[in-house]
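Here are my notes for anyone opening this entry without having seen it before. Keep the view at hand and look up the residues as you read.

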Amino acid sequence: MASPTKVELFALADGRNISYAFYGDYDSSRTIFYHHGYPSSLEEALYCHDLALKHKLRIISVDRPGMGSSTNQPNRRLLDWPADLLALADHLKVDRFAVIGVSGGGPYALACFHKIPRSRCVGLGIMSGLFPTNLGLGGMLLMNRALFWTASWSPWLVGQAFNIGIKIGIGNTENLDVLEKKSGALMKTRPKPDRDAWDNSSRDVRLGLILGFKGAFRNGFDGAGWEARVYNSDWGFALDEVAAEPGEIVIWHGEEDVNCPLAMTEKAVKLLRNAELRVTKRQAHMLFITKADEALQTLGKMIDTTD
């Protein structure tokens, strides 16, 4: 099984810690900061490890506040994140980088691209991404819509729902074989393209997703609960305020995605300047697995083009 270097902790100026790990080519200067999905944590990026090695890319996967081993940050907002990421980049002496966001990581990657100077953050990729909920939730899973509605008045209750759901769905076991089997059973409720992506993926991919999900709650459920509220709140910027030149933003989305419906993404792309949308037919939310190679290669070219 592929594995990252050990999880590292970086202390921010306000005393909070951010946890992160490297995947791919550790010695490469071609760096991509990976923003995991929701709820998840840095282990999720395991599926990128071999691909990043192939493309000579260094992936730095970072836990958001309250996820993994990153300190929770009560009442945080989406636009609080870019400063944290830039502080980590400065600490690691990463001058130029691209950002990628998967699913619920999309808003955070977008916020970084918006706020961090283009001399530092040179490109953005979003796969199966979430966009502002005021664009409409039509076609979204009822469970996801209920989560956003609940988070608007009780993030704590969202966290407790995850707590109960985990106990019922996968339990507290740490046995990876058991976790893989139980996760596979849960995947049978997903759209066929997602079931196929799971069944056809390598064990490293499946275990990365499982460990990422488990890691989201390593230090409790408050971080995940509040993050749902962040998604359903004012993001602090409008999509048409995001400045980009052609070729700097690429968005991948599956036609049959019910976690983050394509209709929402299509509305977002109309507002984002110079964003390129690549839609794949007969794919759903787990398109981020099937398109990972293309996405990493594309972001690598963004880094090289602006070098």
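Predicted model: local features only at pLDDT ≥ 70, side-chain atom pairs only at ≥ 80, totals over all residues.

1. Let's begin with charge. Side chains of opposite charge can pair when their charged atoms come close. Here the count comes to 17 salt bridges. Four residues, Glu276, Arg278, Lys291 and Glu294, are joined in a network of such bridges.

2. Arginine 16 and aspartate 14 make one of these pairs, with their closest N and O atoms 2.8 Å apart. Are the two partners buried or exposed? Arginine 16 counts as buried because its relative accessibility is 9%, under the 20% cut-off. Aspartate 14 counts as exposed because its value is 53%, over the 50% cut-off.

3. Next, look at arginine 30 and aspartate 304, a salt bridge whose closest N and O atoms are 2.9 Å apart. This one links distant parts of the chain, 274 residues apart. Arginine 30 is in the loop between β2 (17-24) and β3 (31-35), while aspartate 304 belongs to helix α12 (residues 292-305). Aspartate 304 is partly exposed, at 40% relative accessibility.

4. What does the salt bridge between glutamate 227 and arginine 76 tie together? The closest N and O atoms of this pair are 2.7 Å apart. Glutamate 227 is in helix α9 (residues 222-231) and arginine 76 is in the loop between β4 (58-62) and α2 (81-91), so the bridge ties together parts 151 residues apart in sequence.

5. Now for the surface. Trp149, Trp153, Trp156 and Leu157 form a nonpolar patch there, and together they have about 530 Å² of accessible area. Tryptophan 153, if you want to find it, is in the loop between α4 (142-151) and α5 (155-169).

6. Inside, the largest nonpolar core has 60 residues, and Phe33 and Leu110 touch the most other members. Helix α3 (residues 106-115) gives the most to this core, with 6 residues.

7. You'll find it in the loop between β6 (121-127) and α4, and it is buried, with a relative accessible area of 0%. A polar atom of its side chain lies 2.7 Å from the backbone oxygen of histidine 285. Leaving out residues up to four places away in sequence, serine 128 touches His285 as well as Ser103, Trp252, His253, Asp257, Cys260, Ala284, Leu287 and Phe288.

8. Last stop: alanine 151, in helix α4. Its relative accessible area is 0%, so alanine 151 is buried. Which residues does alanine 151 touch, not counting those up to four places away in sequence? They are Val158, Gly225, Ala228 and Arg229. For a sense of scale, alanine 151 and phenylalanine 10 are 29 Å apart in space, C-alpha to C-alpha, and 141 residues apart in sequence.

Definitions and conventions: Residues numbered from 1 in each chain as written. Heavy atoms only, no water. Salt bridge = Lys/Arg side-chain N within 4 Å of Asp/Glu carboxyl O. Buried < 20%, exposed > 50% of the residue type's maximum accessible area, 1.4 Å probe, protein only. Helix = DSSP H or I, 4+ residues; strand = E, 2+ residues; numbered from the N terminus. Patch = residues over 30% accessible without salt bridge, like charges linked within 9 Å, V, L, I, M, F, W, Y side chains within 5 Å. Areas by Shrake-Rupley, 256 points an atom, 1.4 Å probe, with all protein chains shown as cover. Polar contact = N/O pair within 3.5 Å; in protein donor to acceptor, adjacent residues only side chain to side chain. Contact = heavy atoms within 4.5 Å. Core = buried A, V, L, I, M, F, W, Y, C linked by side-chain atoms within 4.5 Å.
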